[in-house]
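Have the viewer open as you read.

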Amino acid sequence: MEKVNPQTDNLVFVVDDDPVVTSLVSARLETAGYRVRSYAYAEECIAAIGEELPDLIILDFWFMKEGQATMNGMEAYDEITKLAPEVPVIMLSAQEEGAVVLEFARKGIADYVIKDSELIENLQMSVKEVLER
């Protein structure tokens with residue numbers, strides 16, 4: 001993953017309850033020189049924003065936590081924008097429904113990346129584009 005600006009030390013929060021996705025995304029970002037903090041659930045990410053403000057958040061849309069209710073990515077996005085409206089969010093999901101993607105756009109999500117076989121490559125382009133804005 002090409003780093004946007006080698007002179008900066010961008011901090012990226014990666015939030016996904018799938019440890020494989022979190023591990024792959026975090027490893028690629030770290031290899032590219034980004035500082036990364038990983039969280040399994042949105043609530044953890046929101047709590048961390050109070051301690052350290054990231055340059056970008058990569059957020060899963062759907063979280064599963066056995067035996068407990070957890071907020072989804074859209075609810076988390078609403079909370080994030082209250083706390084840190086200047087931080088761009090890239091939403092990850094397997095959702096391909098037009099209505100869901102349109103709702104993401106209406107809310108102001110910086111980008112939407114589908115979890116498919118090209119996830120890492122598409123996310124690489126998205127991170128670069130969003131941080132260059």
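## Ground rules and the main core

A nonpolar core here is a set of buried Ala, Val, Leu, Ile, Met, Phe, Trp, Tyr and Cys residues joined through side-chain atoms within 4.5 Å. Buried means under 20% relative accessible area, exposed means over 50%, and partly exposed is in between, using a 1.4 Å probe and protein chains only. This is a predicted model, in which local features need pLDDT of at least 70 and side-chain atom pairs count only at pLDDT 80 or more, while totals for chains, interfaces and linings use all residues. Residues are numbered from 1 along each chain as its sequence is written, and side-chain values use heavy atoms, with hydrogens and water left out.

The largest nonpolar core has 27 residues, and those touching the most other members are F13, C45, I57, L59, I80, M91 and F104. Two or more residues come from each of strand 1 (11–15), helix 2 (42–49), strand 3 (56–60), helix 3 (73–83), strand 4 (89–93) and helix 4 (98–107); helices (H or I, at least four residues) and strands (E, at least two) are DSSP runs, numbered from the N terminus. Helix 2 gives the largest share of this core, five residues. Apart from it lies another core, of 20 residues, with Y34, V36, L56 and I58 among them. As background, nonpolar side chains in soluble globular proteins tend to be buried together.

## Helix 1

Helix 1 covers residues 19–31, 13 residues in total, and reaches 18 Å from its first C-alpha to its last. That is close to the 18 Å expected at 1.5 Å a residue, the expected span being 1.5 Å times one less than the number of residues.

Which residues of helix 1 are buried? They are V21, T22, V25, S26 and L29. These residues cover an arc of only 115 degrees around the axis, so they sit on the same side of helix 1; the arc is that of the directions from the helix axis to the C-beta atoms. Their packing partners are strand 1, strand 2 (35–39), strand 3, strand 4 and helix 5 (119–132). On the other side of helix 1, P19, V20 and T31 are exposed.

The ends of helix 1 are worth a look too. D18 caps the N-terminal end, with a side-chain oxygen 2.9 Å from the backbone nitrogen of V20. After helix 1 comes G33, with a positive phi near 100 degrees.

## Strand 1 and V14

Strand 1 is mostly covered, with five of its five residues buried. L11, F13 and V15 point one way, while V12 and V14 point the other way. Strand 1 pairs with strand 2 in the parallel sense over five bridges, where pairing requires DSSP to find at least two bridges between the strands. One example is V12, whose bridge partner in strand 2 is V36.

V14 is buried because its relative accessible area is 1%. Leaving out residues up to four places away in sequence, V14 touches T22, V25, S26, L29, V36, R37, S38, Y39 and I58. V14 and S26 are twelve residues apart in sequence, with their C-alpha atoms 6.9 Å apart in space.

## Helix 3

In helix 3, G73, M74, A76, Y77 and I80 are buried. Why do they line one face of the helix? Seen down the axis of helix 3, they fall within an arc of 155 degrees, so they share one face. These buried residues pack against helix 2, strand 3, strand 4 and helix 4. At the start of helix 3, a side-chain oxygen of N72 reaches to within 2.9 Å of the backbone nitrogen of M74.

## Two buried serines

S126 is found in helix 5 and counts as buried because its relative accessibility is 2%. Its side chain makes a polar contact with the side chain of D111 at 2.7 Å. A polar contact is a pair of N or O atoms within 3.5 Å; within protein, one must be able to donate a hydrogen and the other to accept it, and residues adjacent in sequence count only if both atoms are side-chain atoms.

S93 lies in strand 4 and is buried, with a relative accessible area of 4%. Beyond residues up to four places away in sequence, S93 touches D60, F61, Y112, V113, I114 and K115.

Key: Contact = heavy atoms within 4.5 Å.
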